[in-house]
Every structure is written in C-alpha cells, then in structure tokens.
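Me: I've got a structure to go through before class. Can you walk me through it?

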Amino acid sequence: MKKDDNRIVVIVTAAVFILVTAVIYILDILMPKNFNNNYALSFGNENSKIKVFIFEDFKCKNCKKLSYHFTPVIKENYLDSDKINYNILPLSFVCGSKTIANAAFAVYQLNKNEFFNFLKKVSYEELESKEDIFKIVKELNGINFEIFKELVNKEVFNEYLDQNFSKAKEIMKKNFKVPAIYINGYLIDEENFSNVIEEYLAMDKKNESF
Amino acid sequence: MKVFNRWGIYFAWVIASISSISSLIASEILNFQPCIYCWFQRCFMFPLAIILGVMAYKNNLKAIPFIISLPFIGAVIALYQTIVTNFNFKYFGCGLECDEANIKLFGIVDMSILSFLAFASIFLILFYLRKK
C-alpha cells in the first residue's frame, strides 16, 4: 500500500510538471509578440490599431521581392489612406547589407516621403558598392546628399541594426527567417497579408459602430 | 525525520525536475543561450531528473552510491560559475549571455546560485539517505 502511495504521488507530480511545461510552451506560441518602433522605419497612422512589423534584410533575395512587389501595394491600399501603422525593422546579416540598411535609415531621417522610392530602386538593382547607393540617392528629391553621405560613411545606425537583430532573435528564436511579417504581434504569411488586414479592419469598423 | 526517510528521494527528484524544466524554459522559451558552464551543469542535472524519478517511483534507494557523485560535481561547477560571475573574474567567465541574462531572484540570487542550491540540496538529501 505504501509503495502504491509513492507511485501515485510520483505519477501525479510528473503529470503536473508535464502539464505546466506544456501550458507555458503553448502560451508562448499563442501570445502576441511585443514590438516597439524605437528602431523601426515607421509609416502610416501611428494611432492605428493595426500594427504591422516586418523584419527584413535589404540584401536578401526574398526581402527584395517583398519590397519590390508587395510593399508598393501595401502603400497604395493601406498607408496612403492611413489605415494601418507599418514598421520596417531592418536587419543586417547578409554580407554587405549594413551599408544599405544605414542608407535606408538615413533616407528615412532626411526625407521620409522618398523612402519607398529608395526601397523600390534598392530592391530592383544589384548594388555592389557604396557608390551605387549614392547614385540612387542623388536621384531622390529633398535629401541633403552631404549629410546623407556622412551618415552612411560613419554607419551611425549600426546600433539600431544590433537592437533589431536582438529583437528578431528574441521573437523568432530558432525559427529565425526574413522577411518575417507580424500583424498585431502574430506571424503571418505574405499571401495572407491582405486578408488578415481586411479582417482586422472589418473588426475595427464593427467595434466603432457599437 | 520519518517523513524525510520516506519522501526524501521524492523531494530530491522534484528539485531535479524543477531545475531541468526551468533550464529548458530559460533556453527554449526565454531564449537565454546556455553558456559552457550551464551545459556542464545540465549534463549532471538532466540524468538526475530521470534516475531520481525512477527511484522515487520504485521507492528504491539502492542506486544512491552510483549517482551521488552527479550532484556533487554539478555543485562544484555551479559554485565555480557563481564565483567567476559574481566576483567579476571576467577572464575565467563564460563570456556568453549568462552575465547578460540578469535573472535575479530577490535581486541577489542569480541562476548559478540557484543551480548550486539545487545541486547541494540534492547531494545532502542523497548523502542523508545513503545508508537507509
């Protein structure tokens, strides 16, 4: 009888341990991830309830595709009408992408309105050197080229890239990938982006009518 | 002491299990990369969580002489890590994210101290129960 008591207690304890671990693991997957836009390139309506965060490296092939084909559509459908808040979190782990990422931050700081033109050109062309980037930026409007050049040469935004990289590792852990799109803290596929946004917008409208 | 004689091995198993689970949660969910000393301690803690579980289930203490060295060695490594991380011996430190993890219970007790306490208490329990 005593031996049986031991066995029951051990089995129940083991079951509790397994249950608690499973609950913590599932909660970690189900809970929305927390973001802030301190080191992001932020566009659209800051007060929108729909917040999009995208991790991307401007030199990775899939990110380039996303920036060239997908971002202009988002801009036209949701950003120009201030429906969503859209944040790009640039990363730099592909060789040579630090300069482009620094250039992206510099363009954003010097003239936010020209950023999407810059992004489209950067994602279309194969950029080999700093000079290629400078050539693109010279064609943009409203950017003080001398300041831009200084910002890029001094790589003043490397700290931002490090912060974004830490955040990406913290959020994605072993499933690290770029581009990674999060809407209101949940990871989604590029193909589902519009559907999810429309769902959120519909929900938002419903809440407002109440 | 009667209770301890009967349930001591169970308490030791509970400590080993909680330590193992917390270590896995810290690395897999909270995303703290375990350093080399953490890995050495894991090598000594994970087997204890299994072996002590079987011993508690069977209420059998005969394996104690075979496993008592595990918590002892684990405690020595944890003590070493506690000293190098808390007394700023950077040269001997792990150099990884352990220093940055900064999880401190009551503001003082960090992960290496918790690990030392866990190993030491398992060792003391096994030491007490070895001749029962």
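**Two helices in chain A**

Reply: Lys130(A), Phe134(A), Val137(A) and Lys138(A) of H5(A) meet Phe145(A), Phe148(A), Lys149(A) and Val152(A) of H6(A). Keep in mind that this is a predicted model.

Me: What classes of residue are in the contact of H5(A) with H6(A)?

Reply: Five are nonpolar and three are charged. No polar residues take part in that contact.

Me: Are H5(A) and H6(A) roughly parallel or roughly antiparallel?

Reply: Roughly antiparallel. Angles over 145 degrees count that way, so roughly 150° qualifies.

Me: And which hand is the crossing of H5(A) and H6(A)?

Reply: H5(A) passes H6(A) in a right-handed crossing.

Me: New topic. How many residues does each chain put into the contact between A and B?

Reply: Chain A puts in 15 residues, and chain B puts in 11 residues.

Me: Which element of chain A gives the most there?

Reply: H1(A), with 12 residues. Helix H1 (2–30) and helix H7 (158–172) are the elements of chain A that give two or more residues to this side. By class, the side of chain A that touches chain B has six nonpolar, three polar and six charged residues.

Me: What is chain B built from?

Reply: Six helices and zero strands. Its pattern along the sequence is α-α-α-α-α-α.

Me: How much of chain B is buried?

Reply: 33% of its 132 residues count as buried.

Methods: Residues are numbered from 1 along each chain as its sequence is written. Chains are lettered from A and ligands numbered from 1 in the order in which they are written. This is a predicted model: local features need pLDDT of at least 70, side-chain atom pairs count only at pLDDT 80 or more; totals for chains, interfaces and linings use all residues. Two residues are in contact if their C-beta atoms, placed from the backbone, lie within 7 Å. Helices (H or I, at least four residues) and strands (E, at least two) are DSSP runs, numbered from the N terminus. Ala, Val, Leu, Ile, Met, Phe, Trp, Tyr, Cys and Pro count as nonpolar, Asp, Glu, Lys and Arg as charged, and the others, Gly among them, as polar. A residue is buried if 20 or more other C-beta atoms lie within 10 Å of its own, exposed if 12 or fewer, and partly exposed in between; C-beta atoms are placed from the backbone. Axes are lines fitted to C-alpha atoms, for helices over the stretch in contact, and angles run from 0 to 180 degrees between N-to-C directions. Angles under 35 degrees count as roughly parallel, over 145 as roughly antiparallel, 65 to 115 as roughly perpendicular and the rest as oblique. A crossing is left-handed if the near helix is turned anticlockwise from the far one by less than a right angle, and right-handed if clockwise.
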